[in-house]
Amino acid sequence: MSTQTANAQIILPTSHGQPIVMEAVNLSKSFQEGSGAELNILKNINLTVRMGDKIAIVGASGSGKSTLLHLLGGLDTPTAGQVFIDDKEMLRMKEVDRCRLRNRKLGFIYQFHHLLPEFTAQENVAMPALIKGVPPYQAMKKADVLLEKVGMTRRLDHKPAELSGGERQRAAIARAMVNEPQCICADEPTGNLDKATAEQVFRVLLRLNQEFGTSLIVVTHDMALAEKMDIIYALEEGHLERRK
Ligand SMILES: Nc1ncnc2c1ncn2[C@@H]1O[C@H](COP(=O)(O)OP(=O)(O)OP(=O)(O)O)[C@@H](O)[C@H]1O
Ligand SMILES: [Mg+2]
């Protein structure tokens, strides 16, 4: 849906009017270079994520996509600005409360899978549910169902070192889904997968969005996959520009 005004075209996302699940306000992030110079990676970023939003973030390597996702998930601290999840400001929370909020409300798929090496695929997927307090039998059952959805039924007992790169990524996706989060932040979730598997994995994410209204924020280099989302932002020179 779009509305024409006198001097600007306002594009309303399909989820317009839905509750806001995440909001970034004037978010900036700088890093200190070895020489002492300041690297301004993100400059005054504003982003509103509503329930059911499907958002892709594209941008060149080094443009700050992972940095932005880490800030949105409360995994890193901005130089300035705020991130709200469900109206709660992440930075103002105690670490323990921030972790609980992240565990219950967000699913995170990292650029590098971050599976725990000493646990099996099934245990890794069940872990966030166990941390939340779901009884072990139920948590393992949920892990089974999710691993089946990503085509990993025959690898439940494999530890990360005994999985292929793509299988590790699929296990990480299943893990991000286990607590039925309201928003999944995914950093190149299909980066190491062949085209067919990447599409299959993407379908799993889209199905989750459709079934549960889970919002998706997906960083990807793959424009064909980005086009499957309703909203596309490009990160350039520290600014987030709406492309779709
Ligand atoms: N801890 C840090 N200290 C200094 N510079 C950093 C730090 N973390 C990231 N950077 C720099 O910030 C920039 C953005 O990094 P980021 O990982 O967010 O990029 P990206 O867009 O995710 O790239 P890619 O597509 O390669 O994953 C890079 O130039 C990187 O060198
Ligand atoms: Mg990155």
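In what order do the four strands of the open sheet lie, and is their pairing parallel or antiparallel?

Modeller: The model is a predicted one. In the open sheet the strand order is β4-β3-β6-β7, and the pairing is antiparallel. Strands β4 (38-50) and β7 (88-89) form the edges; each has a single partner strand, so one side of each is left without a neighbour in the sheet. Strand β3, residues 20-32, pairs with strand β6, residues 80-85, through five bridges in the antiparallel sense. Within this pairing, serine 28 has alanine 80 of β6 as its bridge partner.

Helix α1, residues 65-72, lies across β3, β4 and β6, and runs at about 125° to β3. The most comes from α1, which gives three residues. The residues around ligand 1 include Phe31, Leu39, Ile41, Lys65, Ser66, Thr67 and Gln111. Gly59, Ser61, Gly62, Ser63 and Gly64 are also among them. By class, the shell holds eight polar, three nonpolar and one charged residues.

As for the setting of this part, the chain has seven helices and twelve strands. Its radius of gyration is 18 Å, close to the 18 Å that the globule rule gives for 244 residues, so the chain is as compact as a globular protein of that length. Of the 244 residues, 40% count as buried. Among contacts between residues at least 6 apart in sequence, 68% join residues at least 24 apart.

Key. Residues numbered from 1 in each chain as written. Chains lettered and ligands numbered in written order. Predicted model: local features only at pLDDT ≥ 70, side-chain atom pairs only at ≥ 80, totals over all residues. Pairing = 2+ DSSP bridges. Helix = DSSP H or I, 4+ residues; strand = E, 2+ residues; numbered from the N terminus. Contact = placed C-beta atoms within 7 Å. Axes fitted to C-alpha atoms, helices over the stretch in contact; angles between N-to-C directions. Near = placed C-beta within 6 Å. Nonpolar A, V, L, I, M, F, W, Y, C, P; charged D, E, K, R; others polar. Rg over C-alpha atoms; globule rule 2.2 N^0.38 Å. Buried ≥ 20, exposed ≤ 12 C-beta atoms within 10 Å, placed from the backbone.
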